[in-house]
Amino acid sequence: MAAEKKADLVLLDFWVSPFGQRCRIAMAEKGLDFEYREEDLANKSDLLLRSNPVHKKIPVLLHAGRPVCESLVILSYLDEAFPDTPQLLPPLSAAGAGAADAAYARARARFWADYIDKKLYDCGSRLWKLKGEPQAQARAEMVEILRTLEAELGDRDFFGGGGGRLGFVDVALVPFTSWFYSYERYGGFSVEEACPKLAAWARRCGEIDSVAKHLHSPEKVYDFIGVLKKKYGIE
């Protein structure tokens, strides 16, 4: 088992990417050793371009030299490739009624992770890129997205995993908590006031070693967005 955990894993990534941070947190939760390679997104390496020739994006996980692309695909792959590590998706059951329940739980987890991918990042980008009425629309949409996620969380400590552990949806969402401060600053709203249960979830996640180790401070993310605004000439 120890030898398996030290398998040849290399992550091509960029420091502030919430998508790459998912992969880092997942591997930390699983106790998997990996090599981190920072990419210059303005001058992408030949290795990245060869490993992800379709999208040419990070993150890319190399496992024994074989590339796995797209962060949610990587999370699923880690569960399947390392079945003896803590699983992010709900465990599969033997044939019978339990199998259908397990499949349904896994489908729900994948649905909410997909919801996060399709909604959160794009809306957050519009908050700092736009002004006036378009920004106000993005703010209203962001609050709706966060409230929808809070409703799914309900009164649970975490979206999944059980026993105080992070599950698939937690790992998919938690990197964005470092961006909440920027969303609040540019959107003119408070996550704590709009979604107190989600804000409490974010604080609980931040106390977990795998999360604390791989997330940057909200202020550093805010400064990074300021650099992007200058780069793109956004006032």
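Predicted model: local features only at pLDDT ≥ 70, side-chain atom pairs only at ≥ 80, totals over all residues.
1. The largest pocket holds about 980 Å³ of space. Its lining consists of 30 residues, and F19, L41, K57, I58 and Y121 are those nearest the centre. Two or more lining residues come from each of α2 (18–30), α4 (71–81), α5 (97–129) and α12 (218–231). Helix α5 supplies the largest share, with five residues.

2. As to position, domain 1 (9–81) and domain 2 (104–232) both contribute residues to the lining, and the largest pocket therefore lies between them.

3. The structure contains 13 aromatic pairs. In one of them, the ring centres of W15 and F224 are 5.5 Å apart and the planes meet at 80°, so the pair is edge-to-face. W15 belongs to the loop between β1 (9–13) and α2, while F224 belongs to helix α12, so the contact ties together parts 209 residues apart in sequence. F224 is buried, its relative accessible area being 17%. W15 also has a charged neighbour: K220 lies over the face of its ring, at 4.9 Å from the ring centre.

4. F159 and W201 form a further pair, with ring centres 5.4 Å apart and planes at 85°; this pair is therefore edge-to-face. It links distant parts of the chain, since F159 is in the loop between α6 (132–153) and α7 (168–173) and W201 is in helix α10 (residues 196–206), 42 residues apart. Both F159 and W201 are buried.

5. One aromatic cluster is formed by F19, Y121, F176 and W179. Of these residues, F19 and Y121 are also among those nearest the centre of the largest pocket.

Definitions and conventions:
Residues numbered from 1 in each chain as written. Heavy atoms only, no water. 1 Å grid on protein atoms, 1.4 Å probe; cavity = no way out; pocket = protein on both sides within 12 Å on 5 of 7 lines; lining within 4 Å. Points joined across faces, edges and corners; volume = space filled by probe spheres on them. Helix = DSSP H or I, 4+ residues; strand = E, 2+ residues; numbered from the N terminus. Domains from an automatic or database assignment. Phe/Tyr/Trp six-rings, centres within 6.5 Å; stacked < 30°, edge-to-face > 60°. Buried < 20%, exposed > 50% of the residue type's maximum accessible area, 1.4 Å probe, protein only. Lys NZ or Arg CZ within 6 Å of the ring centre and 35° of its normal.
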